[in-house]
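Student: I have a structure to read and I am new to this. Can we go through it step by step?

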Amino acid sequence: MKQIKYKTLNVNGVNIAYRESGETKNPTIVLLHGFPSSSHQYRKVLNQLSDDFHLIAPDYPGFGNSDFPLAENYEYTFDNIAITINSFLEQKGISSYALMIQDYGAPIGFRIATAHPERVTGIINQNGNAYKEGLGEAWGGIQALWSDRNNSTEEALLPIFSLEGLKWQYTHGTRDPENVNPDTWHLDYLRLSRPNAHAVNLDLFYDYQNNVKLYPKWQEYLKEYQPPVLIVWGKNDEFFPEDGAEAFKKDVKNIDYNIYDTGHFALEEDGDKIIAKMRSFMKKIMK
């Protein structure tokens, strides 16, 4: 396996941190992380697939080791983050890639895919939603924010940023919570404890409603361009339950469908199985 490199690239004045492994001559997989995580969530993928693939995992602005600009200097919307990550890929000279999406990685990845469908060789989807039926019960508080953003609806969401709230996101729905490395939620807690971090992430929670409005556009992309899709989904996810995975079957013909008895961060508990699926899927679509 190739050693993981920890790098940064300045994109329009924002330093984007990223992890990269594998030879650039090999097929590329762009790994797009979710909330509240970072490229750290793909550490197993970067370690295990670098023999056959070129892997690149950026941290979004305000996440991981990337810069955390003030909101008056950077617009924290999914539209803008997608622009930043697309610019990052273009600066890196990466113009053909599979996308791995999870949670926030889905709205960012689908924006990139619909803007540049010719660049996307396939989609690896680990609990990345694109259908209304995939919005689970855990969205209740955020949907209340969408309906009426005020002090009360914002304060109701603050437990999400607590250490216990973050631990729940990683361990809920797992077969055994002891299978999940606690460094995950502790790292996220440190980052979410920075000044202005709650406010920025509440902005993103509020903006997420614009992702739902784009679901029909993303579904049309799937129907028209028919990218091969690998589903590797944790079925016990309170945010994005299995109905969200099932919905992809309506629009995608070439779909490799796999459901795991685990939670939102399925790679934590079932990483070896998922990575084996990723390897076989990528080798098939790159023939």
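Tutor: Start with a definition. Buried means under 20% relative accessible area. Keep in mind that this is a predicted model.

Student: Which residues of β7 are buried on one side, and which on the other?

Tutor: First the general idea. In a regular strand, side chains alternate between the two faces of the sheet. Now the case here. Val 229, Ile 231 and Trp 233 lie on one side of β7, and Leu 230, Val 232 and Gly 234 on the other. They are all buried, so both faces are covered. The strand spans residues 229–234, and six of its six residues are buried.

Student: Which strands pair with β7?

Tutor: Look for bridges between strands. Strand β6, residues 120–125, pairs with β7 in the parallel sense over three bridges. Ile 123 has Val 229 of β7 as its bridge partner. Strand β8, residues 255–260, also runs parallel to β7, and six bridges join them. There, Gly 234 stands opposite Tyr 260.

Student: What do β7, helix α9 and β8 make?

Tutor: They make a right-handed β-α-β unit. Helix α9 covers residues 242–247.

Student: Now a loop residue. Is Gln 41 buried or exposed?

Tutor: Compare its area with the cut-off. Gln 41 has a relative accessible area of 4%. The cut-off is under 20%, so Gln 41 counts as buried. Its place is the loop between β3 (28–32) and α1 (43–48).

Student: Which side chain makes a polar contact with the side chain of Gln 41?

Tutor: That of Gln 102, at 3.3 Å.

Terms used: Residues are numbered from 1 along each chain as its sequence is written. This is a predicted model: local features need pLDDT of at least 70, side-chain atom pairs count only at pLDDT 80 or more; totals for chains, interfaces and linings use all residues. Side-chain values use heavy atoms; hydrogens and water are left out. Helices (H or I, at least four residues) and strands (E, at least two) are DSSP runs, numbered from the N terminus. Buried means under 20% relative accessible area, exposed over 50%, partly exposed in between (1.4 Å probe, protein chains only). A polar contact is a pair of N or O atoms within 3.5 Å; within protein, one must be able to donate a hydrogen and the other to accept it, and residues adjacent in sequence count only if both atoms are side-chain atoms. Two strands pair if DSSP finds at least two bridges between them. A crossover is right-handed if, with the strands pointing away from the viewer, the path from the first strand over the helix to the second runs clockwise.
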